[in-house]
Amino acid sequence: MKTPALPSDSWLVKPAHRAWLNAEGMRLLPFASTSGVAQGFAALDGQGRLPAGASAELIHTTRMTHCFALAHIQGIPGYAHLVDHGIATLQSDLRDEQAGGWFADVGRKGDKSAYLHAFVALAASSAQAAGRPGAEALLAEAIGIIERHFWCEEEGALRESFSRDWSQEEAYRGANSNMHATEAFLALADVTGDALWLHRALRIVERLIHHHAASRGYVVVEHFDPQWQALPEYNVDNRADPFRPYGSTPGHSFEWARLLLHLEAALARAGLDAPDWLLEDARGLFASACRDAWHADGAPGLVYSLDWLGRPVVRARLHWVQAEACAAAAALLRRTGEAIYEQWYRRFWEFASSHFIDLQNGSWHHELDSDNHPASSIWPGKPDLYHAYQAVLLPRLPLAPSLASALAAM
């Protein structure tokens, strides 16, 4: 796989732009570093403070551990102890020592989801790349749980969720969990040296994108029954759900587009055949998301969700959607060198700079309303470093290997 040389006026090669991305990352990290609690990491409010009674959740603990590992790998002092804190709590407070796997929060109740366990694997792989003590054992345990409970060889994808003791399975299959499994599998292939994870990632992508999304004009179908029949009316009465919204989610189209290009590059790097359709499908996903979501309601920005006719459903603008749009445009620009992706890359970062980046209180506004004013109907506070931090790292790195391994190789 050959990638073209980028023109000298591309932002991806401009020293000032790369320095700006680095500075934004350095601004994001201290804000997030205050999220530590005794049992992991918790959600922060809009000023970067821990609310009264804040408690650890698996989603924040894994994502923060992953991001702090990326900081440590880069040689930024002050983050090693935060990686170690994440590892320690994933091996104790949030871990189910009886049945195996991890709880969603320190309340130790509820189901065990593929979505969250994919982030455990990602955090462990990044901590392993960072060389932190305990990471190897955590990684081995995460891989074991995925293989014993979530990965389905027959389906070539992950099962969704189980009861605490693994005895009852949810009658649902989800694109979101499998998307993050694809991300985690790319990282696992790098840190373990086992190409099995690339083959598994390709099987997921082939099912969800090359079959389902491509047949629907590159609109990602999010919800399925256990036989992988689409459920287009899923959550019609809960349209703004932060994890399983009704309709299509353009932010996931951007995220998938980027992951397809990472997978293509990883396969080529491993000396394996990369299907031509990976690039074609990445282009299609990006084009459909730009066409349907940008200025979809007449105002600037990317809407959160659309119905099956491409009309806005939830008009809020979410920071993670904007971050993934920036990263996807960068990936397609690096892969193709085409001017259209340069244009989108600049447009997305200009919007992020003008509307999402909060220079007064720190981090990014996590949500804007349809008039692009800060809001909190879906995501209160600023609990997430993961999307914004990756968005400032990915444009400076090759498409393969995955983030932690790429930073470690620099």
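Helix α4 is largely enclosed by the rest of the structure, because 14 of its 16 residues are buried (under 20% relative accessible area with a 1.4 Å probe, protein chains only; exposed is over 50% and partly exposed is in between). Please keep in mind that this is a predicted model, where local features need pLDDT of at least 70, side-chain atom pairs count only at pLDDT 80 or more, and totals for chains, interfaces and linings use all residues. Residues are numbered from 1 along each chain as its sequence is written, and side-chain values use heavy atoms, with hydrogens and water left out.

**Helix α4**
- Helices here are DSSP runs of H or I with at least four residues, and they are numbered from the N terminus.
- Gly131 follows α4 and has a positive phi, near 70°.

**The nonpolar core**
- The largest nonpolar core has 137 residues (buried Ala, Val, Leu, Ile, Met, Phe, Trp, Tyr and Cys residues joined through side-chain atoms within 4.5 Å).
- Its largest share, twelve residues, comes from helix α10 (residues 319-336).
- Phe68 is among the residues with the most contacts inside this core.
- Beyond its neighbours within four places in sequence, Phe68 is in contact (heavy atoms within 4.5 Å) with residues including Leu29, Phe41, Tyr79 and Leu385.

**The largest pocket**
- On a 1 Å grid over the protein atoms alone, a pocket is an open set of points with protein on both sides within 12 Å along at least five of seven lines, while a cavity is a set where a 1.4 Å probe fits but cannot get out; lining residues have an atom within 4 Å of a point.
- The largest pocket is lined by 19 residues, with Ser113, Tyr115, Leu116, Phe243 and Arg244 nearest its centre.
- α4 and α6 (175-192) each supply at least two residues of this lining.

**The largest cavity**
- The largest cavity is lined by 25 residues, and those nearest its centre are Glu183, Leu186, His262, Ser402 and Leu403.
- α6 gives the most to this lining, with five residues.
- α4, α8 (250-269) and α13 (403-408) are among the helices that each supply at least two residues to it.
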